[in-house]
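Please look over the structure shown here, with attention to its ligand site, its helix packing and its backbone geometry.

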Amino acid sequence: MKTVKDVDFKDKKALIRVDFNVPLNEDLEVTDTTRIEAAKPTIIHILEEGGSCILVSHLGRPKQREDKFSLRHIVNSATEIFGVTVTFVQDCIGPAAEEAAANLRPGEILLLENVRYYQEETDGDRDFAEKLSKLADYYVNDAFGTAHRAHASTTVVADFFGDRKCFGLLLASEIENVKKVLSDGKSPVTAIIGGAKVSSKITVIENILDTIDHLIIGGGMAFTFIKAQGGNIGGSLVEEDKQEVALEILDLAKKKNVHVHLPVDVIAADSFSEYANTTTEPADNIPEGWLGLDAGPRTNEQFAEVVAKSNTILWNGPVGVFEIEKFSHGTIALGNAIASATENGTFSLVGGGDSVAAVKQFGLTNKVSYVSTGGGAMLEMLEGKTLPGIKAILD
Ligand code: AMP
């Protein structure tokens, strides 16, 4: 895997696709800088090698030029984080961008305006990609969050750089960390798949069954499995049309000697609300009208036991409605169990959706081995797909 460490950037300009799709508040201030910080190692490396950086990103989903989607709102945060003044240009192609790029000197950073102001970006337009490519000597992809999109700045642009292209350090480490679970994982390997819907995780589960020893299924999606096996799930979340698939997955797991762990008890509520009345019920015997919204105490213990004996853990999806305090205890208990296992030498990867938000919310980010920066992109990697943004660098 060719990364920025394998390239001589002296007096060269690097066009770096970063993922600065950060949340802004009503005053258009950045409220979470994680993604900007994640790009720092690549940027600083290139600057230290005597190169300059031209950063290209999207922000939100603008239909046209709309100020609330302007990347100028992140200039101050980026300048502070990188410790280098970030110059901003109000376009990503055309004369203004070309002039700003031409004037860039070694050690400097230029941030281009939102690439999605152009429909050509999401269309993967070749002419547009070629215009972008004219700004720099090298192309670096460090945007894991959009690596699953075949857009102009994430994929097509790479074509115009021949072999003058490489991975940024963030994208490289995302790839390496997934490998640590999917191909090099030290057994016992445990995957914890939670969240709302089975339908969005079927392909992931099917793909990882060859690699794992234990599969913990939690959250809303567990009820489709429990109902399919004849359990009473009351008013809990269920995907009726996925019961057949759920049984097939259980069958396949058995054939592949994967131990499946489903919740044995749940915190059931009489409404989906923080004011709900709650009771602890067996997961397969929830009274009519009650909804299972969190893992129960026995489940938490059993999941923690599996986690404690694992050497490799993948965590994707919460085991309850963690956004509501009352139903967050299962997810917190699981997060703490993973943190303790990690402290004892287990490799733990958290990625692909809301478990990342949960880990952040509960202060566990530094207590697990790796937290992925890409939701959809991580899910597609776990599904076993080669992402277009990654393929474009390898080709
Ligand atoms: P996902 O994006 O598929 O990882 O799903 C995450 C969502 O699943 C979160 O918003 C959780 O609130 C939700 N969730 C987890 N457990 C349950 C449950 N038992 N019932 C309903 N929603 C749940």
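The briefing below covers these topics in turn.

This is a predicted model, in which local features need pLDDT of at least 70 and side-chain atom pairs count only at pLDDT 80 or more, while totals for chains, interfaces and linings use all residues. Residues are numbered from 1 along each chain as its sequence is written, and side-chain values use heavy atoms, with hydrogens and water left out.

**Ligand site**

- Around the ligand there are 15 residues, of which Ala196, Gly220, Gly292, Gly320 and Glu323 come nearest (a residue is near a molecule if one of its heavy atoms lies within 4 Å of it).
- The shell around the ligand comprises six nonpolar, six polar and three charged residues, where Ala, Val, Leu, Ile, Met, Phe, Trp, Tyr, Cys and Pro count as nonpolar, Asp, Glu, Lys and Arg as charged, and the others, Gly among them, as polar.
- Glu323 places a polar side-chain atom 2.5 Å from an oxygen atom of the ligand, and an N or O atom in the side chain of Lys201 is 3.3 Å from an oxygen atom of the ligand; a polar contact is here a pair of N or O atoms within 3.5 Å.
- Gly292 takes part through its backbone, an N or O atom of which lies 3.0 Å from a nitrogen atom of the ligand.
- The ligand taken alone exposes 500 Å², and the protein buries 82% of that, with accessible areas coming from the Shrake-Rupley method with a 1.4 Å probe.

**Helix packing**

- Helices (H or I, at least four residues) and strands (E, at least two) are DSSP runs, numbered from the N terminus, and axes are lines fitted to C-alpha atoms, for helices over the stretch in contact, with angles running from 0 to 180 degrees between N-to-C directions.
- Helix α10 (residues 297–308) packs against helix α11 (residues 329–343) at an angle of about 20°, with the axes 9 Å apart, and the two are therefore roughly parallel to each other (angles under 35 degrees count as roughly parallel, over 145 as roughly antiparallel, 65 to 115 as roughly perpendicular and the rest as oblique).
- Helix α6 (residues 169–182) and helix α13 (residues 375–382) have axes 11 Å apart and pack at an angle of about 40°, which makes α6 oblique to α13.
- The axes of α1 and helix α2 (residues 75–82) come within 10 Å and cross at roughly 55°, which makes α1 oblique to α2.

**Backbone geometry**

- The peptide bond from Ser187 to Pro188 is cis, with omega near 0°, and Pro188 has its place in the loop between α6 and β7 (189–193).
- Leu28, found in the loop between β1 (13–17) and α1 (34–48), has a phi near 60°, a positive value in a residue other than glycine.

Notes
A polar contact is a pair of N or O atoms within 3.5 Å; within protein, one must be able to donate a hydrogen and the other to accept it, and residues adjacent in sequence count only if both atoms are side-chain atoms.
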